[in-house]
Amino acid sequence: MAIRFFLIACSLAAIATAGNFYQDFDITWGDGRAKILEGGQLLTLTLDKTSGSGFQSRNEYLFGKIDMQIKLVPGNSAGTVTAYYLSSQGPTHDEIDFEFLGNLSGDPYTLHTNVFTQGKGNREMQFKLWFDPTKDFHTYSILWNPRHVIFMVDGTPIRDFKNLESRGIAFPKNQPMRIYSSLWNADDWATRGGLVKTDWSKAPFTASYRDFRADACVPSSAASRCASNAAPGNSGWWNQELDLTGQERMKWVQRNYMVYNYCSDLKRFPQGLPPECSIA
């Protein structure tokens with residue numbers, strides 16, 4: 001297994017960037033509703049009744065530590081979704097999702113997470129954030145290496161999807177993924193299952209992004225190891241996993257702020273929970 005991962009690393013080139021949005025991203029839709037400002041240091045997405053907006057990274061990544069600071073739509077954002085995720089393309093795509101589900105003023109946002117492997121998702125975990133994500137920027141991170149996908153908020157781990165291929169469970173490790181983000185209307189399901197609709201009198205809705213950082217691997221024909229992180233014994237993201245302190249912090253979040261876990265939803269899976277749910 002270790003030799004196989006080393007070979008994967010050798011087929012990749014490393015990239016470490018404290019990005020400029022002009023250099024690292026393309027606005028892909030929204031007809032002017034997405035804007036890059038402040039010399040490339042700030043990006044905003046806007047949603048109105050006509051359209052939302054979105055962007056994607058120019059690079060594809062295969063493993064890495066990806067950070068983005070986001071300030072979410074303030075006030076009554078019910079019905080809106082701010083999606084920030086990694087994804088490959090095609091019917092058997094892999095995907096690693098953060099989705100922020102809008103709220104009524106004064107109610108907490110719901111942070112929706114999911115992992116797709118080979119086109120299969122249905123691995124949702126949802127959390128209420130322990131702060132107001134509209135007052136300031138907060139850092140949302142994905143740590144993705146050959147053994148783990150770890151979701152983090154301001155450095156605090158909230159979810160760890162482990163590589164359990166030895167138990168027959170697919171893991172995203174072969175398909176390069178781009179970063180995508182969009183702000184769009186989903187009032188048929190986003191807030192209280194669609195009971196609360198978007199109040200268009202509050203439009204336009206705006207989410208803001210800054211301080212993108214990627215210490216990651218990109219597909220390359222160069223015979224270059226994937227950064228020094230891939231070196232045996234290195235403590236960088238390539239080998240990173242949660243230590244006891246990280247595990248306890250994640251348990252604290254899940255105990256106090258997790259509001260949905262697919263591994264506890266017996267009604268949804270009457271034939272039995274997904275196999276990874278029974279593996280510690």
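This is a predicted model: local features need pLDDT of at least 70, side-chain atom pairs count only at pLDDT 80 or more; totals for chains, interfaces and linings use all residues.
Biologist: OK, how many helices and strands in the protein chain?

Modeller: The protein chain has 3 helices and 16 strands; these are DSSP runs, with helices H or I of at least four residues and strands E of at least two, numbered from the N terminus.

Biologist: And how many disulfides does the structure hold?

Modeller: It holds 1 disulfide, meaning a pair of cysteine sulfur atoms within 2.5 Å. C263 and C277 form it, with their sulfur atoms 1.9 Å apart. C263 and C277 are 14 residues apart, each in the segment after β16 (258–261).

Biologist: Which hand does the link of C263 and C277 have?

Modeller: Left-handed, with -75° about the S-S bond.

Biologist: Why does C277 count as partly exposed?

Modeller: Because its relative accessibility is 22%; buried means under 20% relative accessible area, exposed over 50%, and partly exposed in between, using a 1.4 Å probe and protein chains only.

Biologist: Switching to the whole chain, what share counts as buried?

Modeller: 54% of the 280 residues.

Biologist: And what share of contacts with a separation of 6 or more joins residues 24 or more positions apart?

Modeller: That's 67% in the protein chain, where contact means heavy atoms within 4.5 Å.

Conventions
Residues are numbered from 1 along each chain as its sequence is written. Side-chain values use heavy atoms; hydrogens and water are left out.
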